[in-house]
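Keep the structure in view while reading.

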Amino acid sequence: MKILHTADWHLGKRLDRFSRLEEQVLVMNEIVQIADEQNVDLVLIAGDLFDNFNPGVEAAELFYKTLKRLSLNGKRPVIAISGNHDSPSLINAPDPLARECGIILIGHPKAEIVPFGTGYFNITNSKEGFIELKIDGINFPVRILHTPFANEIRLKEYFGENKEEEINKVLAQEWKNLADQFCDDMGVNLLTAHLYMNKRGAEILEEPDGEKPIKIGNADLIFSDSIPEQIQYTALGHLHGFQNIGTKEKPVVYSSSPLCYSFSEAGQKKYVSIIDAEPGKVVSYEKKILENGRTLVRKTFNSIEDAVQWLSDHPNTFIELTLESETFLTADERRLIYQSHNGIVHLIPKVRNLELSEDQNHVINLSQDIDILFKDYFKSKNGGQEANEELMNLFNEILNA
């Protein structure tokens with residue numbers, strides 16, 4: 001069978017003042033197209049479906065329409081779990097209607113899904129944190145352990161008070177109990193979760209800028225050796241770069257977000273994971289690149305002309321632009337830069353500081369004109385840089401308002 005694994009859609013997310021919804025429409029279309037072209041039998045979406053607990057109407061509409069298209073009107077099971085950006089109750093709310101389309105929405109850890117069928121597949125077994133599917137045309141069952149994100153309160157509710165010490169142990173035991181009870185080599189065995197997971201002893205993986213952090217110290221860090229040995233593929237969400245933190249034989253994969261959502265992701269390629277699986281054998285997977293969406297770029301220039309030329313040559317980008325110079329940017333220079341590109345998210349002027357001698361003393365004469373006092377103050381705070389005429393005009397405008 002073939003499985004598509006995606007995560008971290010963050011529908012409704014903005015980049016500073018810029019909406020990303022138009023790009024999200026395109027990349028959702030692309031994911032549906034890949035699912036259809038690859039003829040996948042199952043879709044897993046590993047959390048952070050929306051960017052916040054109360055998504056806008058357009059984001060919600062895009063989500064439901066995309067799931068319906070992925071499900072082929074009930075022919076293909078789609079399983080979506082909540083992430084740390086999602087409201088579990090909101091994710092669960094449309095469940096009765098979603099099931100009619102073959103969509104399984106899981107908001108809470110240890111949720112028990114009521115068995116149902118669509119005529120094309122059936123949930124043949126269900127327990128807290130586990131479902132088993134029988135899909136038409138596939139002569140073996142598919143077992144899925146599912147663990148949506150849980151905040152600290154819910155972790156204590158579900159897994160006990162001593163969360164910091166126990167979460168790894170408890171999750172490992174929960175997963176092992178389910179795997180020992182239901183997962184043998186007569187079916188395909190999967191785990192999907194939205195959490196911060198890493199190899200024990202490995203270098204810490206950085207969470208994306210702007211992402212609500214899950215890992216606080218080591219309290220919420222889950223180690224990949226907690227995954228039961230029966231699990232053939234683990235579909236993770238939370239980190240936005242594609243990476244396998246498991247092994248070639250037992251992949252533990254962050255599939256990546258579909259778009260670059262912060263400048264810490266600048267230059268990243270985005271993917272979905274396509275898995276080939278059958279009982280009792282090592283799975284194979286490949287990452288399918290997502291082509292849609294504007295790239296995020298960090299660039300530094302020391303010439304206005306060079307910056308404007310680059311901006312004109314790269315229109316389909318969002319850019320964090322740093323300009324290094326000997327003087328502050330004038331209003332005309334700022335205007336020229338912004339007129340040359342419609343995707344400048346941050347413009348960072350960087351003035352090269354002039355060296356001050358170590359023995360330079362500053363004597364403040366408070367009887368001086370306030371303009372002189374301001375110039376002296378500005379010079380002392382900016383490494384000897386003189387306030388230009390435009391800045392002084394602004395200062396006087398404020399002073400006389």
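Two strands are said to pair if DSSP finds at least two bridges between them. The model shown here is a predicted one. In it, strand β5, residues 78-81, is joined to β6 by four bridges, and the two strands run parallel. One of the residues to look for is Val78, whose bridge partner in β6 is Ile103.

These two strands belong to an open sheet of six strands with mixed pairing, in the order β6-β5-β4-β1-β16-β17. At its edges are β6 (103-106) and β17 (284-290), each of which pairs on one side only. Direction ignored, neighbouring strands of this sheet are turned by 20° against each other on average. In general, the strands of a sheet pair through backbone hydrogen bonds, either parallel or antiparallel.

Two helices lie across strands of this sheet. Helix α1 lies across β1 (2-6), β16 (270-276) and β17, and runs at about 145° to β17. Helix α2 lies across β4 (42-46), β5 and β6, and its angle to β6 is about 135°.

How do the axes of α1 and α2 cross? The axes of α1 (residues 21-37) and α2 (residues 57-71) come within 10 Å and cross at roughly 10°. Angles under 35 degrees count as roughly parallel, and the two helices are therefore roughly parallel to each other. On the α1 side, the residues that meet α2 are Leu21, Gln24, Val25, Met28, Asn29, Ile31, Val32 and Ala35. Their counterparts in α2 are Glu58, Ala59, Leu62, Thr66, Arg69 and Leu70. The residues of this contact divide into nine nonpolar, three polar and two charged.

Now turn to Ser273, which is found in strand β16. Is this residue buried or exposed? Ser273 counts as buried because its relative accessibility is 0%. Its side chain is joined to that of Tyr233 by a polar contact of 3.0 Å. Leaving aside neighbours within four places in sequence, the residues in contact with Ser273 include Ile3, Leu4, His5, Phe242, Ser255, Tyr285 and Glu286.

There is also an open sheet of seven strands, again with mixed pairing, in the order β7-β8-β9-β10-β13-β15-β14. Its edge strands are β7 (121-127) and β14 (243-244), each pairing on one side only. Within this sheet, six bridges join β9 (residues 142-147) to β10 (residues 188-194), and these strands run parallel. His146 stands opposite Thr192 in β10.

How values were computed
Residues numbered from 1 in each chain as written. Predicted model: local features only at pLDDT ≥ 70, side-chain atom pairs only at ≥ 80, totals over all residues. Heavy atoms only, no water. Axes fitted to C-alpha atoms, helices over the stretch in contact; angles between N-to-C directions. Parallel < 35°, antiparallel > 145°, perpendicular 65-115°, else oblique. Contact = heavy atoms within 4.5 Å. Nonpolar A, V, L, I, M, F, W, Y, C, P; charged D, E, K, R; others polar. Buried < 20%, exposed > 50% of the residue type's maximum accessible area, 1.4 Å probe, protein only. Polar contact = N/O pair within 3.5 Å; in protein donor to acceptor, adjacent residues only side chain to side chain.
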